[in-house]
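Here are some notes for a colleague who will work with this model.

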Amino acid sequence: MARLLLLVGCILHFTTAQQIGKIPEIHPKLQTWKCTKEAGCIPQETSVVLDALSHPLHEKGNSSVSCGSYNTGLNPTLCATQESCAENCVLEGADYAAHGVQTQGDSLVLHQYLEVDGTWSTVTPRVYLLDESGRDYNMFRLLNQEFSFDVNVSSLVCGMNGALYLAEMEESGGRGALNPAGAQYGTGYCDAQCSDDPWINGVANIAGKGSCCNEMDLWEANARATALTPHACNITGLYECTGNLCGNSGVCDESGCGFNPYALGDTQFYGYREVVDTTRVFTVVTQFITDDHTPQGSLTEIRRLYVQDGKVIQNAVVDFDGTEMDSITNEYCSESASYFTSMGGLKQVGKAIGRGMVLIFSIWNDSGAYMNWLDSGTSGPCNSTQGNPTIIEAKYPGTSVTFSNIRSGDIGSTYA
């Protein structure tokens, strides 16, 4: 999926040449759970970290000079080389409240806009889950396992996307000689779009390469539509982009093999006062089934179910070329997403899930396509212009998403 982050970015210091900045990095705590059928669910004292592009990153000794930004790229004076960029630039701790991030207990709230002195501004936060040490990312290995969370999307209008997904990022965030801070400062992002950010793994992206990795979109949704989508890559790492093309070019599958109930014909399954009623909180459960029902097997099916008001709601059953389907399988993907299959399909995504993936939370809207691919036309009930960010900011500046009660573990152990 497309990612829109209009935030300032830079690289860290170079070995002992300088220190990380004076503003401390304090990670908001977010309790999660690890579950088994035998022992139940054990609390995990995890936390979240904002993406490095949300941290103040400036010239050493001069906080008024930026090392670059997402929009403008690298500062050519300070970042002529990877080494000079690391030596010249300082990474500071982030102000989480100022970026629309709030946590309390097991709940995480992300805001798209913030009001300061009567003026609304776009913040579009993206955060990652850290392990209990606070130093590295929490790695999820979900083969023959399930992942569940509660979500409130009631204020996510047409054109908004409150997303929760997995990406095969490095556990350390690419920590190294030119990036000593790593995951604890939110470095190391990658996805199936082969994002060509100014910094990759915390190192200046001088060559303008894309950072590619397998991606599992557990949840892309607003109150009107939702999609569950795996994306496969046949490489993980840096890719030499051709012009602006980094994705669907023999490396990663940008579109993925998605399951959107509305797009598949069940227009009354998900939405305001539908079977899954998005005016109220509900639980989302995703199960990763292997061919031999062990963590060592190959991924063959991704199942989805919901829980609301104490009732388990099975996924929408759709007629797909004369066959009833309610999950993502090899058969489903071979018929609906040939490029995904050519990139290795579920088997390839399953290998990444087995190796371990990082959990990511984000909220965003789309100034280019207005999120029409998710909720408009054949994909959802929204019209083609409702997703215009200008309209959203004017009419619904309080739009937000709340994720809570995040659990992973044995199939059948994370929900009641």
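The points below take the aromatic pairs, then the charges over rings, then the disulfides.

1. The model is predicted. A search of the whole structure gives 15 aromatic pairs. One of them, Phe-140 with Phe-147, is edge-to-face, at 5.6 Å centre to centre and 75° between the planes. Both Phe-140 and Phe-147 are buried.

2. Phe-259 and Tyr-332 have ring centres 5.9 Å apart and planes at 40°, so this pair is tilted. Phe-259 sits in the loop between strand 21 and strand 22, and Tyr-332 in helix 2, so the pair ties together parts 73 residues apart in sequence. Phe-259 and Tyr-332 are both buried.

3. Ring pairs also link a cluster, whose members include Phe-140, Phe-147, Trp-219, Tyr-306 and Phe-403.

4. Two arginines lie over ring faces: Arg-126 over Tyr-189, at 3.6 Å from the ring centre, and Arg-407 over Trp-33, at 4.5 Å.

5. The disulfide count is 8. Among them, Cys-35 and Cys-41 have sulfur atoms 2.1 Å apart. The torsion about their S-S bond is about 105°, so the link is right-handed. Cys-35 is buried at 1% relative accessibility, whereas Cys-41 is partly exposed at 22%.

6. Cys-67 is joined to Cys-89, S to S 2.1 Å. The torsion here is about -115°, so the disulfide is left-handed. Cys-67 lies in the loop between strand 4 and strand 5 and Cys-89 in strand 7, 22 residues apart in sequence. Both cysteines are buried.

7. Cys-233 and Cys-252 are joined at 2.0 Å, with a right-handed link of 110° about the S-S bond. Cys-233 and Cys-252 are both buried.

Note on methods
Residues numbered from 1 in each chain as written. Predicted model: local features only at pLDDT ≥ 70, side-chain atom pairs only at ≥ 80, totals over all residues. Heavy atoms only, no water. Phe/Tyr/Trp six-rings, centres within 6.5 Å; stacked < 30°, edge-to-face > 60°. Buried < 20%, exposed > 50% of the residue type's maximum accessible area, 1.4 Å probe, protein only. Helix = DSSP H or I, 4+ residues; strand = E, 2+ residues; numbered from the N terminus. Lys NZ or Arg CZ within 6 Å of the ring centre and 35° of its normal. Disulfide = S-S within 2.5 Å.
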